[in-house]
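Hello,

Here is the structure I promised to pass on. My notes come after it.

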Amino acid sequence: MNARVLDRTLIYASAVVLAIWALIPFYLIAISALTPQPNVSDYPKPLFPTSVSVGTMQLFLDSSGIVPAMLNSLVVALLTVVIGLALGAPAAYALARFRFRGREAFRAVVLVTKMFPIAILAIPLAAIFVRLGLYDNLISVALVHTAMALPFVILIVGGVFVALPHDLEEAAETLGASRWAAFVRVALPPAVPGLAAAAIFAFVISWNEVFAASILTVRTRTLPAQILASLSTSPLALKLVAGFFMVLPAVVFIVLIRRYLRAAWGPH
Amino acid sequence: MRTRTGQLLPFTLLLPSIAFLVVLIVVPMAEALFLSVGTESDGFSLETFQRMLADVNFNDAWRNTFLVLLLIVPLQVALALAMALLVNSHFRGHRWFFLIYTVPLAVSDLAAGLLWLAAFTERGYLNSVLQSSGVIAQPMLWLSFDNFAGLVTAIVIAESWRTTAMVLLVLIAGLELIPRDFLETAELFGATRLRRTMHVVLPLLRPSLQSALIIRTIFAFQTFAVVFALAGRNLPVLAGEAYTSYATSQDEHLAAAYGVVILALSIVAIVVYLRLLGPREMEVQR
């Protein structure tokens with residue numbers, strides 16, 4: 001079956017070419033970040049470097065504002081996860097378990113919010129936060145990031161509860177458990193991986209967000225805001241290391257939640 | 001489902017989310033409008049919008065935003081479609097390739113710009129490879145302020161690379177909705193893979209393609225950090241002007257006016273999206 005062999009070869013060849021396209025920027029940023037200080041302006045650069053060093057990374061981490069900015073990013077992302085799950089998980093449970101008036105309307109709101117350019121709203125929000133004394137505060141950044149993450153949390157967690165059979169909860173209630181006990185002891189445990197995936201998704205949204213974070217902060221900058229603010233002044237080698245540090249956690253996380261990506265982005 | 005536990009519980013569970021979204025979305029939208037038509041003396045005036053229209057960067061920003069969008073969309077759809085069809089052919093190891101194709105989804109626009117900066121700078125990897133293989137004799141200035149084509153190409157590549165995975169996820173979900181027997185019937189009647197793709201798969205995939213296109217369009221109006229990373233302010237875009245009006249010129253009225261333009265464009269796209277898909281399509285539960 002020659003045609004079959006040809007078919008196979010074509011499929012694998014195209015799959016590999018597309019994989020190279022998807023992966024090559026990660027490789028380039030990694031070898032850039034690992035280039036020893038004396039070699040950063042070498043040209044032409046080797047695609048397979050013979051010497052690597054963490055010197056340039058060290059320099060980046062030592063430059064002023066970077067470590068505090070990373071900590072700020074971490075705080076904002078964790079706040080986003082906590083507020084996002086606290087608001088989104090109950091809403092997701094309601095959507096998955098109940099039929100009620102306005103259910104479809106709320107689903108539509110979730111889908112529209114998912115597409116809505118919330119980051120742009122940072123401009124009017126900045127004026128509001130100034131009046132409230134919340135400007136340049138990590139909480140205000142986390143609130144905007146939560147608004148961005150909320151629809152994704154609701155979709156991921158909702159997908160999980162829809163997939164879990166409702167009968168078990170009802171059986172527990174029939175056997176005398178309260179509604180709350182049935183939820184905590186029966187419905188919640190198998191949903192934990194989905195909740196974790198939603199948490200990671202919210203974390204990545206916040207960790208990556210740059211527009212709102214830049215508009216809403218001056219001194220308490222998150223990592224992307226700090227990097228954006230210093231783009232025009234920082235040397236190329238440090239910009240590349242900055243890219244490396246932004247990408248690293250995000251990629252690890254997305255690999256962890258790969259199973260839930262479709263719930264977040266696919267059609268509903 | 002059941003109703004005996006009282007009708008109020010679902011609303012109680014939803015209320016915090018609804019209240020939060022109203023405060024974080026509806027209120028600032030109103031504030032954006034007030035800021036853009038308001039003046040320091042609290043009067044109503046279109047002065048800010050006139051100022052925006054007269055701004056030299058506005059026309060460039062408008063043109064560049066749409067140029068980048070028009071270039072990205074076909075490239076991205078072609079790439080995502082190729083990936084989706086490959087993965088959906090369920091060859092051995094397709095799951096690994098699917099994972100690889102989705103990894104760029106985790107990368108922010110700023111980081112995507114910085115990643116591709118490693119390729120496109122004067123002493124970057126693209127020039128290194130081209131020069132080592134003898135294609136060019138000296139480094140090309142891809143990202144120079146006077147190389148408009150170079151700047152646009154770099155931005156289109158970086159942004160397509162980053163967001164192809166979003167389109168891919170929408171298309172994959174659409175492909176999985178196509179009943180297997182359609183394809184098997186076509187195969188039975190002797191249709192080749194190409195003919196099956198052209199005459200069965202693509203027509204059935206149209207709703208997914210439409211929704212992917214519109215989602216992609218909405219995101220294009222917010223394109224900003226990838227442009228700043230690769231081109232600085234040499235290539236103005238709408239969201240970039242909104243940012244600089246606020247952060248550099250400290251003109252919140254002008255920034256809000258740019259914001260209103262971006263919001264209006266996005267809302268138009270969302271309305272088109274809802275119209276095209278219709279409420280029934282949206283309800284399809286997966």
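What follows covers confidence, fold, packing and the chain contact.

This is a predicted model: local features need pLDDT of at least 70, side-chain atom pairs count only at pLDDT 80 or more, and totals for chains, interfaces and linings use all residues. Residues are numbered from 1 along each chain as its sequence is written, while chains are lettered from A and ligands numbered from 1 in the order in which they are written.

Confidence: pLDDT is the predictor's confidence in each residue, from 0 to 100. Chain A averages 90, and 99% of its residues score at least 70.

Fold: chain A has 12 helices and zero strands. Both are DSSP runs numbered from the N terminus (helices: H or I, at least four residues; strands: E, at least two). The C-alpha trace of chain A spans about 75 × 70 × 30 Å along its principal axes.

Contacts mean C-beta atoms, placed from the backbone, within 7 Å. Of the chain A contacts with a separation of 6 or more, 77% join residues 24 or more positions apart.

Chain contact: chain A contributes 78 residues and chain B 84. On the chain B side, helix 1 (residues 8-37) supplies the largest share, 14 residues.

Best wishes

Definitions and conventions: Contact = placed C-beta atoms within 7 Å.
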